[in-house]
Amino acid sequence: MTSSTDRQIQSPPALPIVPANQIGLVNWLGVYTLLSKEVRRFLKVPLQTVLAPMMTTMLFLAIFTLAFGNGERYMGDLPYATFLGPGLIMMAVIQNSFANTSSSILISKVQGNIVDILMPPLSAAELTFAIALSGLARGMAVAIAVGFSMWLLIDLTVYSWAAVLYFVVGAGLMLSLLGMIGGIVSEKFDHMAAMTNFVIMPLSFLSGTFYSIDRLTGVWYQISHINPFFYMIDGFRYGFIGKSDSSIWVGVIVIAVLDIALYVTVWALFKRGYKLKA
């Protein structure tokens, strides 16, 4: 028999180390891999992540149109259902883009596998970009599903594709980034529920989704104009009906500035590892 001292303990071969300078200025493979992982995460449960929001939004459409008299009420010179449809689509984008990124980060933190995102050779900017795009992807998937369903039932035509695409992408990115902030800052699901119920939901419902803010007076009219969600819905609705309650260019600037500010904020949180690293 061979004694333990005579045994040669062989260590496993070392894995090859790829120098950082061979990845390139941007780790596109890493960004694509993380984005693919996040998109597949919500596509594995489409009934929950796409079809359920579509059904909820269509119920809103049915309830409001029936409550106000189907085809009998007008908002200006438009049937109420035609006015309401784009607002409901944008509300679905807002809620689902936020839910996608916030749940992904918070669940990873609670389960302890957030390290799987932080360890790969991805910079803070690349992490922010990939995860934000995944939230946008879910928002766009819900928007397409809801839009197609509404098109079958109401008069929904596009006046400006540029406005539709700009505001749906800008809004989806904004709420994705807000969801990332919420997921990073929150320590448990109660914190995230509070942010959803006391911030996201009120801002989306009180942003002109169901009504024109031109009907408001006094302080409520002023408050509506400092609600960023109003500019998302107003600009998106303009893309369908060709009319808006405020300047479209003001909305374009507000969305762009907020997207940049939120991107920088999320980048800084990832860079610092705030509430992410032990």
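Accessible areas here come from the Shrake-Rupley method with a 1.4 Å probe. By that method, the chain exposes about 15,100 Å² of surface, and 68% of this area belongs to carbon and sulfur atoms. The model is predicted.

Start with the fold. The chain has ten helices and two strands. In sequence order the pattern reads α-α-β-β-α-α-α-α-α-α-α-α. Of the 278 residues, 45% count as buried. Take the contacts between residues at least 6 apart in sequence: 83% of them join residues at least 24 apart.

Now go inside. The largest nonpolar core has 66 residues. Those that touch the most other members are Met90, Met150, Leu175, Met180, Met232, Phe236 and Phe270. Several helices give two or more residues to this core, among them helix 1 (28-43), helix 2 (46-67), helix 5 (124-151) and helix 10 (248-272). Helix 3 provides the largest share, 14 residues.

Leu175 shows how such a core residue is surrounded. Leaving aside residues up to four places away in sequence, Leu175 touches Ile94, Ser97, Phe98, Thr101, Ile200, Phe229 and Met232. Met232 is itself listed with Leu175 among the core residues that touch the most other members.

Finally, turn to the surface. Phe148, Trp151, Leu152 and Leu153 form a nonpolar patch there. Together they have about 500 Å² of accessible area. Trp151 belongs to helix 5. Why does Trp151 count as exposed? Its relative accessible area is 52%, and exposed means over 50%. Helix 5 also gives two or more residues to the core.

Conventions:
Residues are numbered from 1 along each chain as its sequence is written. This is a predicted model: local features need pLDDT of at least 70, side-chain atom pairs count only at pLDDT 80 or more; totals for chains, interfaces and linings use all residues. Side-chain values use heavy atoms; hydrogens and water are left out. A nonpolar core is a set of buried Ala, Val, Leu, Ile, Met, Phe, Trp, Tyr and Cys residues joined through side-chain atoms within 4.5 Å. Buried means under 20% relative accessible area, exposed over 50%, partly exposed in between (1.4 Å probe, protein chains only). Helices (H or I, at least four residues) and strands (E, at least two) are DSSP runs, numbered from the N terminus. Contact means heavy atoms within 4.5 Å. Patches are made of residues with over 30% relative accessible area and no salt bridge: like charges are joined within 9 Å, nonpolar side chains (Val, Leu, Ile, Met, Phe, Trp, Tyr) within 5 Å. A salt bridge is a side-chain nitrogen of Lys or Arg within 4 Å of a carboxyl oxygen of Asp or Glu.
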